[in-house]
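Me: Hi! I'm new to this one, could you walk me through it?
Reply: Happy to, let's look together.

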Amino acid sequence: MSQTIVVPLERCTDLSLVGGKAYGLARLVEAGLPVPPGCCLTTAAYQHMLDKIGFLSAVRWEEANRLAGENRRQFLTECRTMILAADVSECAESCVEALCALQQDSEPRWAVRSSGTNEDVSQTSCAGLYRTELAVRTDDIGGAIKKVWASIWEDHVVELLQRSGASREVPAMAVVIQPMCEA
C-alpha cells in the first residue's frame, strides 16, 4: 500500500484522508485541549481494502440510492457481508503498532470510532449515524475496524443522506482509535 494508512491524531490535517472526526480532534490537539492520544486508520486503508475485495463503492452507492425498501436492505446486507469478510490483518497490524507506542497498560481497551468523510462537516451532521466500538481488546481491533467500515452500508445511513440531499457522493470511512478513558 503506497499511501499512508495510519496517522497520529495530531497530524490529521487532510479531511479527505482522515474524515471529519479525526480532523476535528487534531484541531483540538492543536488548540492545546486535552484529547486522549490516538491514531487514525485513513480512508486510503479503507479504499485499499475495498479494492482488494473488488468492491466498487461508487457503483454500489449509486445502486443503494436507486433501490428502496426490502431490495435496498438486502443489497446493503450483501455489501456489509463482503466488508466483514475481508482480511484486514495488514491494517490491524499497522494500527496495533502505532497504538503500542501510546499505551502502557498490560491489557488496554480501545475506542474504535468512525470518522467518515461526510461526518462532522458543515453540510452534514452524522452524529450517531456510524458505528463506534468501545472497550475493544487489542487482538480484536481488526474486527472492530471492519464493523466501523461496514456501518456506511446501513439502510438508515442511505435514508438519512437521501433526506438531507447529501447522498450523491459515496462517503469514505477513516477510523479513529483511542484508549478508553475513565469518565
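**A first look at the sheet**

Reply: Val-6 has Leu-41 in S2 as its bridge partner. One note before we go on: this is a predicted model, where local features need pLDDT of at least 70, side-chain atom pairs count only at pLDDT 80 or more, and totals for chains, interfaces and linings use all residues. Residues are numbered from 1 along each chain as its sequence is written, and side-chain values use heavy atoms, with hydrogens and water left out.

Me: How many bridges join S1 to S2?
Reply: There are 3 bridges, and S1 and strand S2 (residues 39-41) run antiparallel. Strands here are DSSP runs of E with at least two residues, helices are runs of H or I with at least four, and both are numbered from the N terminus. Two strands pair if DSSP finds at least two bridges between them.

Me: What's the order of the strands in the sheet?
Reply: The order is S1-S2-S5-S3-S4, in an open sheet of 5 strands with antiparallel pairing. Strand S1 (6-8) and strand S4 (132-137) are the edge strands, each pairing on one side only. On average, neighbouring strands of this sheet are turned by 25° against each other, direction ignored. Axes here are lines fitted to C-alpha atoms, for helices over the stretch in contact, and angles run from 0 to 180 degrees between N-to-C directions.

Me: Is S3 mostly covered or mostly open?
Reply: Mostly covered: 6 of its 8 residues are buried. Buried means under 20% relative accessible area, exposed means over 50%, and partly exposed is in between (1.4 Å probe, protein chains only).

Me: Switching to helices, where does H6 lie?
Reply: Helix H6 (residues 141-150) lies across S2, strand S3 (109-116), S4 and strand S5 (173-179), and runs at about 140° to S5.

Me: How many of the H6 residues are buried?
Reply: 8 of its 10, so H6 counts as mostly covered by the burial cut-off. Among them are Ile-141, Ile-145, Val-148 and Trp-149.

Technical notes
Contact means heavy atoms within 4.5 Å.
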